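Let's walk through this model together, beginning with a hairpin, moving on to a sheet, and ending at a cavity.

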Amino acid sequence: MKASIPTHKIAKLSLMAAVVAAFSLSATGAESYPKVLQPAISSGLQVVRQFPASSGLTGWVLSQGGQHSLVYTTADKKTLLAGALIGENGENLSAKYEEKFIPKPDFSVAFQQLDNAAHVVEGPTKAPKSSVYVFVDPNCPYCHFLWQALQPYEAAGLQVRWIPVATLGPTSMPKAIEILAAADKTGAFRQMEQNHGKPWSPSKQASETAQPAIAAAIKKNGLLMAAFGLAGTPGVVWRDKQGKVQVKSGMPRLSELPAITGLPEQVINDPSLAKFR
């Protein structure tokens, strides 16, 4: 459960670890690239492209498992650098290179599957002003904070489709089943959020054995969440004003909600949300 670290940063750090680890392996093949890159290539990383970087360095975009990262080689091609490049005026050059040279993920296929995922609808059901999708674990405290923060936006015309997953312990699955098995799913979800953190005992019907189809749908939701590169909850997915699919991992800042919801900023006075301003 991550409060603020973006998913693409987590993935980039994991890939960077793989890059560094690769250089302990013996080098074979890949002779068209600098020798210092060959161990990484031999271990399975792919070179997507190279580009001229600051101070005579050459930048390399490496890929593994659909994730990308940057490394640099010196002018003599004998030394490899991994990490952030900072210019003499404090500019984050690596961030600039990432924006320019790393391919942007395409979530359009996964986005088309969201409406078919098992979910709970809050907000207007007819003619909403805008809509967002949120992957939510019933045990996730940051999901609860997001639920609180989105209530004023729902009142202003936002429709939220909450997509239950079970990632945070043994009670997550029965809680998610209880919500999706209810005759009034929205009511059950709201009650669960209103009672967040309080003692809870599952009913006999809120089990994978009693509800195999619902349990399977919740597991499928988890796979769909992963398809968006989301490693934890909450995970917010929406289309921006240009129609591009956007993904946010973790609890957004309150100042981000207008852009996410496509609605004017709403007044949020809940003191428990002050730390997210």
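Start at strand S8 (residues 235-239), which runs antiparallel to strand S9 (residues 245-249) and is joined to S9 by 5 bridges. Strands here are DSSP runs of E with at least two residues, helices are runs of H or I with at least four, and both are numbered from the N terminus; two strands pair if DSSP finds at least two bridges between them. Arginine 239 has valine 245 in S9 as its bridge partner. Between the strands of this hairpin sit 5 residues, and glycine 243 there takes a positive phi near 85°.

A word on the source: this is a predicted model, in which local features need pLDDT of at least 70 and side-chain atom pairs count only at pLDDT 80 or more, while totals for chains, interfaces and linings use all residues. Residues are numbered from 1 along each chain as its sequence is written, and side-chain values use heavy atoms, with hydrogens and water left out.

Now turn to the open sheet, whose 4 strands follow the order S1-S2-S3-S4 with antiparallel pairing. Strands S1 (46-52) and S4 (80-81) stand at the edges with a single partner strand each, so one side of each has no neighbour in the sheet. S3 (residues 67-73) and S4 are joined by 2 bridges, and threonine 73 stands opposite leucine 80 in S4.

Finally, what lines the largest cavity? Val136, Pro138, Pro164, Ile179, Phe189, Met192 and Glu193 do, and helix H7 (residues 185-194) gives the most, with 3 residues. A cavity is a set of points, on a 1 Å grid over the protein atoms alone, where a 1.4 Å probe fits but cannot get out; lining residues have an atom within 4 Å of a point.

Notes
On a 1 Å grid over the protein atoms alone, a cavity is a set of points where a 1.4 Å probe fits but cannot get out, and a pocket is an open set with protein on both sides within 12 Å along at least five of seven lines; lining residues have an atom within 4 Å of a point.
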